[in-house]
Each structure stands twice: as structure tokens, then as C-alpha cells.
Amino acid sequence: MGKKRIVIALGGNALGKTLPEQYLAVQETSKAIADLIEDGNEVIISHGNGPQVGMINNAMAAYSKTDPSHPAITPLSVCVAMSQAYIGYDLQNALKEELLNRGIHKNVATVITQVRVDENDPAFLNPTKPIGHFMTKEEADKAVESGIQVMEDAGRGYRRVVASPKPAEIIEIDTVRDLLNAGEIVIASGGGGIPVIRKNNHLKGVGAVIDKDFASCLLAKELNADFLIILTAVEKVALRFGTPDETWLDAISVEEAEQYISEGHFAPGSMLPKVQAGVEFAASAPGRTSLITLLEKARDGVNGKTGTRIMK
């Protein structure tokens with residue numbers, strides 16, 4: 001099918017939930033990514049960070065109990081930056097090793113990426129994304145006094161909640177583009193990007209979580225990619241998932257996908273944002289294709305053999 005520019009969005013859960021799990025997971029992940037590179041494609045990698053950023057947040061909170069001089073709440077933007085660095089470290093090393101084993105001499109670089117959000121995004125008025133450790137009522141009250149928003153979480157205790165605004169601008173996009181044009185393989189916008197707002201020339205971190213599928217969509221549009229691959233736990237997207245009338249989707253149009261969304265076929269917080277991001281990318285210009293599939297099926301999906309493809 002010729003050389004394609006591909007943005008591939010890895011799920012945070014696919015990277016493991018602990019450091020040992022992550023180290024092992026990226027070995028397998030790198031094989032599937034190397035397949036795409038071996039076929040001659042340009043590849044940009046983004047990833048989630050749900051388990052990882054939660055671990056960092058919890059670790060910082062635990063440390064504050066042993067060292068009272070350390071803030072009880074570490075800025076979420078800092079936690080996301082930490083997760084980008086240590087996920088990128090493992091992923092770039094594993095991918096570089098896999099490429100060398102195949103005789104492919106390409107550099108892999110992680111860009112610590114900030115993503116600007118609109119401080120007037122309506123999501124800030126209704127934070128709904130729970131993060132971090134569970135708190136007692138007393139701990140939650142103290143958090144509220146310090147300006148942190150909390151909510152009771154399914155009878156298990158209280159958790160901090162943050163907004164999930166839409167990504168508006170990838171700050172380091174020119175750096176990513178320059179590396180890509182130089183033949184590098186780039187890991188960028190990890191965890192949806194470090195959420196920032198702009199105050200004149202100053203970028204200020206905010207307590208928010210950007211959906212990695214929408215951030216990956218923006219990255220793909222800005223880089224004029226041919227494919228946006230959103231990886232998930234199933235080979236294809238389904239209508240009426242888990243029912244006797246379950247129907248798997250192959251190639252669908254943007255209009256068909258929008259109709260299925262309006263009919264409520266996809267679960268919020270699960271498949272819905274993946275399909276929405278896929279629609280947004282495919283609709284943004286002719287010739288752009290979104291692919292939703294399993295990691296190990298990515299190569300076959302790009303070659304039109306499997307997965308759910310969304311096209312204009």
C-alpha cells in the first residue's frame with residue numbers, strides 16, 4: 001500500500017500497572033510497532049498513562065505522610081510529566097532494541113509534550129475524572145479545604161476529581177515534526193499531554209486529564225498523518241456489544257459512525273471516545289483513515305485485512 005504516516009495510540013493499561021509489568025509489556029508492544037516500521041511506514045507513538053499517573057500520584061501522597069514538608073497533593077501536570085518520561089524511557093529503549101535486532105537503524109526519541117487546553121472549557125465546571133488514592137472523610141475534608149475537589153466513589157471512599165478538557169494545541173508540535181522529518185521515530189503526547197493553559201508567554205500546568213485518544217487525534221491532524229490507529233482490547237468495534245445481536249464493524253463511513261454514536265451503541269469512558277476521536281480524524285481531510293483494533297492486528301489493519309476502519 002506504500003509508505004504511510006501513522007500515529008498509533010497505545011492504551012495505558014496495555015503498558016502494565018507496575019514497573020516490572022511495563023518492562024515486559026513494552027517488549028511485545030515494540031514488536032507490533034516495529035512491524036509497521038519494517039513495512040516502510042513513518043510512525044509516531046502516543047500512549048495513555050492511567051495506571052502509571054495514578055501510581056505516581058499515590059506515591060507522592062504517601063511520601064507526604066513521611067515528610068510533612070512535601071505537599072500532600074502533587075500537581076497533576078507534574079505527575080503526567082513524570083509518567084511521560086518513564087514510560088518513554090522503557091518504550092524507546094525496547095523499540096530501539098527491536099529495530100536493531102531486525103537490522104533497522106533508526107533513532108527513537110521521547111518528547112515531553114505539553115498540550116494547551118482552554119481555561120474556559122466547560123469541563124472545568126464539572127470535574128468528573130477520579131484519580132489518585134482513596135481518602136477517608138477526614139482526609140477528603142482537608143483536601144477540600146486546600147481547594148481540591150473530591151467525590152465519593154462507589155462506596156469505597158473519597159477520591160480527587162479533575163476535569164477532562166479537550167486538547168486545543170500541542171505546544172511541541174514543531175519539535176515533533178522536525179524529528180519526524182529527520183527520519184526519527186517519535187513518542188509524544190503521552191497520557192494525553194501535560195495539560196497547560198497559556199498566560200501571555202507563560203505556560204501554567206492545570207489539574208486536568210486530557211483524553212489520550214483526542215490528543216492523539218490532534219497530533220495526527222497536525223502531522224498530516226494518513227492513519228490514526230487507536231488500540232483497544234478487541235479486534236473490531238461492535239454494535240450491541242455483548243448481546244446475542246452483536247455485530248462487528250469492518251469499514252464504515254464517518255456518517256455511519258456518527259449515526260451509531262447518536263444511537264448510543266458505544267460506552268462512555270470506553271469505546272465511545274475512541275470512535276469519536278476516530279470520526280474527528282477521518283472527517284478532517286480526504287484520504288485519512290482511523291483504525292480501531294488490537295495491537296497485534298495493527299499491521300493487518302493498515303493493510304485492510306481487519307479492524308474497524310472509519311473513512312470519509
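Analyst: Start with a term. Buried means under 20% relative accessible area, exposed means over 50%, and partly exposed lies in between (1.4 Å probe, protein chains only). Helices (H or I, at least four residues) and strands (E, at least two) are DSSP runs, numbered from the N terminus. Now a case: strand S7, residues 158–162, is mostly covered, with four of its five residues buried.

User: What kind of model is this, and how are residues numbered?

Analyst: This is a predicted model, where local features need pLDDT of at least 70 and side-chain atom pairs count only at pLDDT 80 or more, while totals for chains, interfaces and linings use all residues. Residues are numbered from 1 along each chain as its sequence is written, and side-chain values use heavy atoms, with hydrogens and water left out.

User: Which strand is joined to S7, and in which sense do they run?

Analyst: Two strands pair if DSSP finds at least two bridges between them. Strand S6, residues 150–152, is joined to S7 by three bridges, and the two run antiparallel. Glu 152 stands opposite Tyr 158 in S7.

User: What is the strand order in the open sheet of four strands?

Analyst: The order is S8-S4-S10-S11, and the pairing is mixed. S8 (167–170) and S11 (202–205) stand at the edges with a single partner strand each, so one side of each has no neighbour in the sheet. From one strand to the next, the twist averages 45 degrees.

User: How does S4 pair with S10, and how with S8?

Analyst: S4 (residues 114–117) and S10 (residues 194–199) run parallel, joined by three bridges. Gln 114 stands opposite Ile 194 in S10, and the bridge partner of Val 115 in S10 is Pro 195. S4 and S8 also have three bridges, but in the antiparallel sense. There, Arg 116 stands opposite Glu 169 in S8.

User: Which helix lies across S10 and S11?

Analyst: Helix H3, residues 76–101, lies across S10 and S11. H3 runs at about 130 degrees to S10. Axes here are lines fitted to C-alpha atoms, for helices over the stretch in contact (heavy atoms within 4.5 Å). Angles run from 0 to 180 degrees between N-to-C directions.

User: How many residues has the largest nonpolar core?

Analyst: In soluble globular proteins, nonpolar side chains tend to be buried together. A nonpolar core is a set of buried Ala, Val, Leu, Ile, Met, Phe, Trp, Tyr and Cys residues joined through side-chain atoms within 4.5 Å. The largest one here has 43 residues, and Leu 219, Phe 266, Val 275 and Ile 310 have the most contacts inside it. Elements supplying at least two residues each include S4, helix H5 (173–181) and helix H6 (212–222). Helix H8 gives the most, seven residues. Apart from this core lies another, of 40 residues, among them Ala 32, Val 53, Ile 104 and Val 302.

User: Which residues does Leu 219 touch?

Analyst: Not counting residues up to four places away in sequence, Leu 219 touches several, including Val 7, Ile 44, Ile 170 and Ser 189.

User: What is the phi of Ser 189, and is Ser 189 buried or exposed?

Analyst: Most residues other than glycine have a negative phi. Phi of Ser 189 is near 55 degrees, a positive value. Ser 189 sits in the loop between strand S9 (185–187) and S10. With a relative accessible area of 1%, Ser 189 is buried. Asn 224 also has a positive phi, about 55 degrees, and is not a glycine. Asn 224 lies in the loop between H6 and strand S12. At 52% relative accessibility, Asn 224 counts as exposed.

User: Which residues form the aromatic pair?

Analyst: Rings of Phe, Tyr and Trp (its six-membered ring) pair if their centres lie within 6.5 Å; planes under 30 degrees apart count as stacked, over 60 as edge-to-face and the rest as tilted. The structure holds one such pair. Phe 241 and Trp 248 form it edge-to-face, 6.1 Å centre to centre, with 80 degrees between the planes. Phe 241 counts as exposed at 54% relative accessibility, and Trp 248 as partly exposed at 40%.
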